[in-house]
Structures are given as structure tokens and as C-alpha cells.
Amino acid sequence: MTIQYKRLQAAECELLVAAIKRVYGQTYPMPEFCDPGYLRAAIASGRLYCVVAMNSEQQVVGCMSTVLEQTGDCTADGSALMVAPEYRGQGIVAGLGEKMVETYIQLGLGGLHLYALALHELVQNQSQNAGAVVTGVLPAWFTKNTKVAGYDYPDARIGAVTLFMPLAPLPARVCYIPKRYAQVLGGIYEKLALNRHFVTDDSAAPLPATSVYSLEDKTGNGQRRIVLERTGSDFAAVLDQVMSLFHKDEAEVLYLDIPLNIPATTCAVEHARERGFFFGALMVDRRGSDRLRLQFYDRFLAAPSAMIVASAEARFLLDYIMTDSEQVSTAITA
């Protein structure tokens, strides 16, 4: 068997799409990888790097990808691992990984964010055995159309356990920790052992007049994300406006990424909780800052009790998150 490992070029995206559809049909966990237009644009922008395994007939039989939040970041999302069934158990994953290491070195990455599909323990166990740390749980991360042969799940969106895989030392950072989540974030940071200086955030600190943020949609996966850069005195109104549009659109899940490198994290958290957001995950070193990810979705869309969590750390965070969700709901309806 002759297998070639190479970096996927923008002109070759249809080969990857064909392979994913051949293996998964329309049930792949990351539907954007079935869109050649998305792949071409992401590769051309320098945000997406795909390593593929190709057989002698020039068919893609395996893939591993890395996606940067923005060019120049020192961490990235590890995603889109796929091996055709007839090639599994033949060392394809190891070959893809060896080739992908070249990309990690080229980009100077210090770590990877992983989203382990909570249908089974395999990826969670492999990642933690390799040194990854559980950083959160997102019970509605994957669309309910996601299917994996041999694993059943309720008719609901499918959860992910988030992990951070360290690759190299990261820059030192100052982190303003919101009071409400200081204990749970402290536990995660203790396991990560990063070079961080922690400041308990003072919610009474004066705010600038305007918030700075952007919106990111993953329409194929029903996700919208608010990427906050600065919390202003208008942040409550900003949230109201974004959530009003969210309820009118087809998105099902809304995330809020709060930067921890500037004050007012407590203010941002409390405004978000008043509108139904609850704890999600710690995202390490994205866009120059660690970020607290909060999540919002209608409860009927997810089935957290059906999630398979492989470790005590993941179980603790899942229980913590569901308790936080209940507390937020109770406070809103009181």
C-alpha cells in the first residue's frame, strides 16, 4: 500500500470534500468541511492547514487539520480528523500526525484546542494520555445531524469536551479573573501550569463608553459567536441587540468569548448571565489573550445527560456547567 502525505492546496479542496462525503454522507461533525468554497477561502487566508493522506489513485483517504482563530495566533483548533474505514488500523493517523507536526513548527504553535465528540471516550482518553487538559464542556457544540456508526445519541445537538494540548511554552499573560468563576478557572489553570499573573477583577472599575466586538457565524453548524475585545458601558445593550437578532435567525447556539487580559470581566459575565449565558470553557491564548467562553441555547436542543465523559475532570465540569445553567435559569425566572 502506497500512501502519500501532503499539505492540501486550495485547488485540491474538492478531493477532500469528496472523501468526507464518501465516508460520512451529510453527517460529518464539521459541515463546513463539506463546502469547497469555505475550504479554499480558509486555506488562502492562511487560517486553515490540512494534511491529507492520498492513495495511489489520488483519492484522499485521510485528513487532519489545524484552524487558526486569526493569522499569527500561537494556538489553534485541532479538527477534522478523518480516515476512510477501509484504511483504518494501518497507521494513517500516525502518518498524518507526523506531517502535521511540520505545520505546528512552521506556525510556531504553543498548543491546540480540541473538541472531543462526546459519543465515546476514545479521543478524550487519547488526548489526556498525551498530556491534554480538560478545559470545559459544550453540550450543544455539534449539530444533531452528526452521526458516527455504532454510537447512538438522542435526537439533539451533540456535546463536546474541550481540551487544551500544550505543544510549546506560551507567552506570559495577565488574567483578570471574574469573581463568580474564580474557583473553577483556578482549578483549570492549576492543571495547565501556564505562566500567568492573576488579578481578581474589580467590577467597580470605570468602563469605556463603547464595547468592541465581532460576530462569527458557522451556519452549517448552527453556531454564532460573539468575540468580545472590550467591555463598554453599552455592553448590556449590545447583548440585547445581538440576542434579538439571534432569536430571529436560524442559529441555535450562541457563544460569548470574553478576553481575560483587560478588566471588566466580572461586569461582562454578570450582564451575560442576566440574559441566560452560563459557563462553557477556558480558551487558552486566542487573539493574544486567554478567553472565558460562555454559552447560551434552549435546553431542549441538547442532551447533556447523554454525553460520554471519560475523566473525573470532565465529569466535574459537566456537573458544574449544568448547575450553573440551572442557577442562571432560576435567577431569570425569579
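I began with the crossing of helices α1 and α2, which is right-handed (left-handed if the near helix is turned anticlockwise from the far one by less than a right angle, right-handed if clockwise). I noted that helices (H or I, at least four residues) and strands (E, at least two) are DSSP runs, numbered from the N terminus.

I note that this is a predicted model, where local features need pLDDT of at least 70 and side-chain atom pairs count only at pLDDT 80 or more, while totals for chains, interfaces and linings use all residues. Residues are numbered from 1 along each chain as its sequence is written, and side-chain values use heavy atoms, with hydrogens and water left out.

**Helix pair**

I looked up the packing of α1 (residues 13-24) against α2 (residues 36-44): the angle is about 135° and the axes are 9 Å apart. Axes are lines fitted to C-alpha atoms, for helices over the stretch in contact, and angles run from 0 to 180 degrees between N-to-C directions. The two helices are therefore oblique to each other (under 35 degrees is roughly parallel, over 145 roughly antiparallel, 65 to 115 roughly perpendicular, the rest oblique).

I then listed the contact (heavy atoms within 4.5 Å). From α1 it takes Cys13, Glu14, Leu16 and Val17, and from α2 Pro36, Leu39, Arg40 and Ile43.

**Cores**

I turned to the nonpolar cores, each a set of buried Ala, Val, Leu, Ile, Met, Phe, Trp, Tyr and Cys residues joined through side-chain atoms within 4.5 Å. Buried means under 20% relative accessible area, exposed over 50%, partly exposed in between (1.4 Å probe, protein chains only).

The largest core has 87 residues, and Leu185, Leu256, Phe277, Phe279, Leu292 and Leu294 have the most contacts inside it. Strand β6 (residues 133-142) gives the most to this core, with seven residues. A second, separate core has 23 residues, among them Ile20, Ile43, Cys63 and Val67.

**Asp324**

I found Asp324 in helix α8 (residues 312-333). At 4% relative accessibility, Asp324 counts as buried. Leaving out residues up to four places away in sequence, Asp324 touches Tyr181, Arg273, Phe278 and Phe279. I also checked Phe279, whose contacts, counted with the same exclusion, include Tyr181, Leu185, Leu292 and Asp324. Asp324 and Glu32 are 292 residues apart in sequence and 31 Å apart in space, C-alpha to C-alpha.

**Thr143**

I placed Thr143 in the loop between β6 and β7 (158-166). Thr143 is buried, at 11% relative accessible area. Beyond four places in sequence, Thr143 touches Arg157, Ile158 and Asn221.
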